[in-house]
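Have a look at it alongside me before reading on.

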Amino acid sequence: MDKPMFLKNSWYVAAFDTEIGHEPLARTLLNEPVVLFRTEDGTPVALEDRCCHRALPLSMGKVIGNDIQCGYHGLEFDAAGDCVKIPGQNAVPPGATIDSYPVVERWGWVWIWMGDPAKADENQIPDYFWLDSPDWATIEDYFHVKCHYQAYIDIQLDQTHSPYVHPDTLGNAAKLRVKPNVTREERALKCERLMPNDEPPPLWAKAAKIEGKGDSWNRWVYNPPGTIMFDVGAAQAGTGAFEGDRSHGVTVHNTHAITPETGTTTHHFWTSARSFAQEDAAMTEQLKVIRKVFLEDVDMVEAQARTIAAFPDAPTIDVAMDHPTIQARNLLSRLIDEERQSSAA
Amino acid sequence: MDKPMFLKNSWYVAAFDTEIGHEPLARTLLNEPVVLFRTEDGTPVALEDRCCHRALPLSMGKVIGNDIQCGYHGLEFDAAGDCVKIPGQNAVPPGATIDSYPVVERWGWVWIWMGDPAKADENQIPDYFWLDSPDWATIEDYFHVKCHYQAYIDIQLDQTHSPYVHPDTLGNAAKLRVKPNVTREERALKCERLMPNDEPPPLWAKAAKIEGKGDSWNRWVYNPPGTIMFDVGAAQAGTGAFEGDRSHGVTVHNTHAITPETGTTTHHFWTSARSFAQEDAAMTEQLKVIRKVFLEDVDMVEAQARTIAAFPDAPTIDVAMDHPTIQARNLLSRLIDEERQSSAA
Amino acid sequence: MDKPMFLKNSWYVAAFDTEIGHEPLARTLLNEPVVLFRTEDGTPVALEDRCCHRALPLSMGKVIGNDIQCGYHGLEFDAAGDCVKIPGQNAVPPGATIDSYPVVERWGWVWIWMGDPAKADENQIPDYFWLDSPDWATIEDYFHVKCHYQAYIDIQLDQTHSPYVHPDTLGNAAKLRVKPNVTREERALKCERLMPNDEPPPLWAKAAKIEGKGDSWNRWVYNPPGTIMFDVGAAQAGTGAFEGDRSHGVTVHNTHAITPETGTTTHHFWTSARSFAQEDAAMTEQLKVIRKVFLEDVDMVEAQARTIAAFPDAPTIDVAMDHPTIQARNLLSRLIDEERQSSAA
C-alpha cells in the first residue's frame, strides 16, 4: 500500500474568516471538494462540495437559512451533511448524505479537520494570538502554489536559501555561518538562529534604522502538518535584544498556513504581523515588500516541481544545511505512519 | 469487454445544412474524425478526415469537382472514400481507401450514419417538419458542450430542474407538482406534463400575454440516441388548450440534436420554432432568451462533468423525479446491448 | 525492450552561437534538460539543467566565472559537472555531480553530443562552410515544432509535397515528373533531381529573372540524425547550369538542423544562404518568403501529429514518391539499432 499523502487527523487552515459568508465558497482541500458557508448565526460550516444525487458542486447552489440547496434539483443539506429535503417526494432515503467536516474559527482563520471527526480537538490549534490582537499590525495574502505541500514547507523552514533567493531583503550571509539550534517536541519542531553583531537582513535593518552591525534573530515553530510561525527581527548590535530588550529593534511574526489542495498544488495563507509602528501607513507600505519576497519562494518551488514532474526518478543528495527541513519531514512522516497504523488497528 | 459508448447503427446530426459547402468542414463525431463537403451537384459527402498515406486531415486539402484532394501530397478520394489519384504513379494500390459514411440532408440538418452502411435506413430519421416549414419561425444555434452526451440528454429530458436552474423563464413549481405521463415505444420515449390552471412558465406567459393562471404543457419525444423534440407552451387558463384549441396561447417546438464528439464532449444543434407571430421581429428578440436558458443547462452539466471526472467513484443516489431520465437511459442502453449482441452474432 | 527513440552517439545542434552567453540558457534536448552558457574565455558549456541537491533548474541561477551557481542554495558546478562548492560545509560529497555534455562551436551553431563522451568526434560534424563564409548572405530563424522529429525530417527530404504545400514558391510540377537519384553512404543519404528545360520553381525564377523555361536543380545531403543541406536553384534553360556554369541563375543552400526536444516536439534551426547579390537588401527581403514557406511545412506536420496522436493505430500506406524519405528512415533506424547492439555488447 502506498503511504498516504496527507495527515488526516489534524487541523488545516481552510480559509481566511473574511472569505466565508452566506454565499457558498468552493475550495479543494486534501484532494476533496469542500464547500464553506455560514449559517444564520454566523457559524462556519464545511461540507463535501458534491450533491449525492447528480454530483453537482453544492457551491453552485445557495444557502437557505442554515442549509445549502443544490442548484440543479433543489435537494437541501443541513450542516451535518444530511439531506433534509428532496423536491417531488416526502421521504429522504438513507444514503442521501454527504461528508461534513468539523470547523473552528480562530485567529482570523477558519480551520478544518478532514479526518475522524471524533478525534477533532480544538486544543491542537496553535496559539497565534498576534493574528487578531490590536497590538499587532498585519499584512496578509493568499497564494495558490503549484507544488507538493512538503516542498513548500521545506522552503519556509529553510533559511539557507535567503542569501541566494532574497539577497536584498531577508538574505544575510550570517544565516549560513550561524548553525541553527533545533528542538524536537512530540508534535512540533522549533528552530533558533541568533546572529549577534553581524550584518542584519536588509529589510529589518531598514525598518529598525540600524546603523552598522545588528543583532538579528530567526526563530520558528513548525506545527505539522502545515502551520509555521516565525519570530524574526533585528536590533542595533549590543542593545540587549537577545537578553529581552527588543526596544532598539523591530519584531515581526510571520505566520504561514500551508494546506494541500491536491498532490501537486498547495494553498498558502500568510500573515505578517509587527508589534511596532502599528499605525504607521508608510511602514505598512515599506513592509509590503514581504509579499514579493514570498513570491520569490513560489518561483523556486514551482520550478523545482516542474523538474521533479519531468524527471521523477533523478537522484538527489542532501547537504549539511538541510538538517532542520529533514527533521521536519521526518516528524510529519512519523505522524502519518502512526495515523496509518492506528487506523489499521 | 467494455460496453460500447455509442450506438453506431443510428442517425446522428452532423451539421446544419448551411455549414457544409465546397470548402471542407472538419468535425469529430463519435470519436472519429470526419470531413464534410458537397459534390458539384450539392450532394453532401462525409469521409474519414485522415489521408491513408501520411494521416493528414483531408479537411486541410481542397474539394476538386466531386473529390477531395489531400493538401500534403495531392492524393484524391472520391465520395465513396476510394483513392482515385496518387501523384507520381499510375496504379492505386488496394489499401488506398478511407471510411465513407452515409449522409442524408433533411429538415435543415445533415444526418450521418456511423455504423454499418448496409443498415442505414432514412425512415429512421424523425419527422421534424417544422424545422423547414414556412409556417414556423425559428431561432437556432450550436453549442460545444464539455460533458458526456448522456448527461446532456439527461438534463434535456428532465424538467424538474427548471424551477432551480431557469426560475425566471421556463421554471414553474407546477413541474414538480404534476407527475409526468411517460410512454415507452420500441425506439422512442414520450412524456407529457399537463399543468392546468396553474402559474405558467414566465417565458410563455409573457409571449402569450396570459393574465393570472394558465394552462401549460410540456411534451417531449426522445428518439435515441440523441434527438429530442419538445412541444411546449401555455394558454390562458380554461380556454381549451388541452382540448385542442391553442389559439389563446403560444406553441413552441424546441428540437435538440445531441451528437457525441468524444467520450467527454458533445455537439448540440438546436432549433426553437414557433407557430405564432412568425413575422414579428420583436417576438423573435424576446424569445432569444431561450439561448441563455439553454446555456444555463450547459453550466450545470459542465460543472457536473468536472466533478465526476475528479471523483469518478463517488456514489450517487436516484430520486423519484428521475424516472423519465432513467427510462431514457435504459432505452438507449438496451439498444446498445442489442447492437453489440447483433454484431457478435 | 522498446527501441530507443534517439540516436545518442551523434552531434545535434543545440543553439545558434549567438544564443549562448554568460546568462544561462535552458533548453530541453532529447528529453533531457540542458543549461548552456560560456566560461570567461567564451568556451561554450552544456550541463544537466538540474541541481543534484533539490532539483532546481540551474538555468535559474547565474554564471560565476567558469562555474554556474544554483539559484536556490548556492551550490556551484564547474564545466565538467562537478560540484565545487556547497555553502555551509567544507567537503563536497562524492555524488554531488551532474551530467556534462561535449559541445563544439562550428558554422555559427553550437553542437552537442548527448551520448558516450568518449566517442565524441568533431570530424563527424558536416562541413557547412557557407554558414559563416563572407561569400554567402544568410537568412536564419528558429522554429519550435509540435511533432516527432522523424516526421519533420520526412517533410524536409520530400519534395513531392511542394506542388501542393508551396505552389507559389518552391512548387513545380517537374518535381513530380522527374524521379530523384538517391545515393546511400555509410552515414549519409544523397538525393538529386535535375529538371532541365521545364517550369522553374517560382521563387528561383523570380530571383534569377528567368524568362520562360529554366534548368532547375534540387540536391540534398542528409546526415542522420538531424542535419540536412540543400543545394537548390535555377538558371535560364540551356545556359550550362548542369555542366557547371551557374552564372545565368541563382544558387541557394538551405541548411536545417532538426533536434528532438521531446518525443513530440522538435527544435528547428535553419539558415538559407545565397551566393549571389549578397549585399542586395531588396533581394534579402524578397527571399524572406522562405520563412513563410518553411512555416507551411510546420502547419502540415503539426496537423499530422495531432491526427496520429488521436488515432495512433490507424493504418497508413506508402506510395512510390516516398522512397527517398523511407530510405532516410531506414538509415537512421539502422544506426539506432547498431548503437543499441553496441551498448548491449
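I am working with a predicted model, in which local features need pLDDT of at least 70, side-chain atom pairs count only at pLDDT 80 or more, and totals for chains, interfaces and linings use all residues. Residues are numbered from 1 along each chain as its sequence is written, while chains are lettered from A and ligands numbered from 1 in the order in which they are written.

**Domains of chain A.** I found chain A split into domain 1 (11-123) and domain 2 (129-340), with bounds that come from an automatic or database domain assignment. Their centres, taken over C-alpha atoms, are 33 Å apart. I then looked at where they meet: eleven residues of domain 1 are in contact with eleven of domain 2 (contact: C-beta atoms, placed from the backbone, within 7 Å). On the domain 1 side, strands S1 (11-16) and S2 (25-29) of chain A each give two or more residues, and S1(A) gives the most, with four. Helices (H or I, at least four residues) and strands (E, at least two) are DSSP runs, numbered from the N terminus. By class, that side has eight nonpolar, three polar and no charged residues. Here Ala, Val, Leu, Ile, Met, Phe, Trp, Tyr, Cys and Pro count as nonpolar, Asp, Glu, Lys and Arg as charged, and the others, Gly among them, as polar.

**Chain A against chain C.** I noted 18 residues from chain A and 20 from chain C in this contact. Which element gives the most to the chain A side? It is H6(A), with five residues. The chain A side divides into 13 nonpolar, five polar and no charged residues.

Leaving aside neighbours within four places in sequence, Ile112(A) is in contact with Tyr12(A), Ala14(A), Leu29(A), Ala46(A), Tyr101(A) and Val103(A).

**Helix H6 of chain B.** I checked H6(B) (289-310): its 22 residues reach 32 Å from first C-alpha to last, close to the 32 Å expected at 1.5 Å a residue (1.5 Å times one less than the number of residues). Among its buried residues are Phe294(B), Asp297(B), Val301(B) and Ile308(B). The buried residues of H6(B) pack against S12, H1, H2 and S18 of chain B.

How values were computed:
Contact = placed C-beta atoms within 7 Å. Buried ≥ 20, exposed ≤ 12 C-beta atoms within 10 Å, placed from the backbone.
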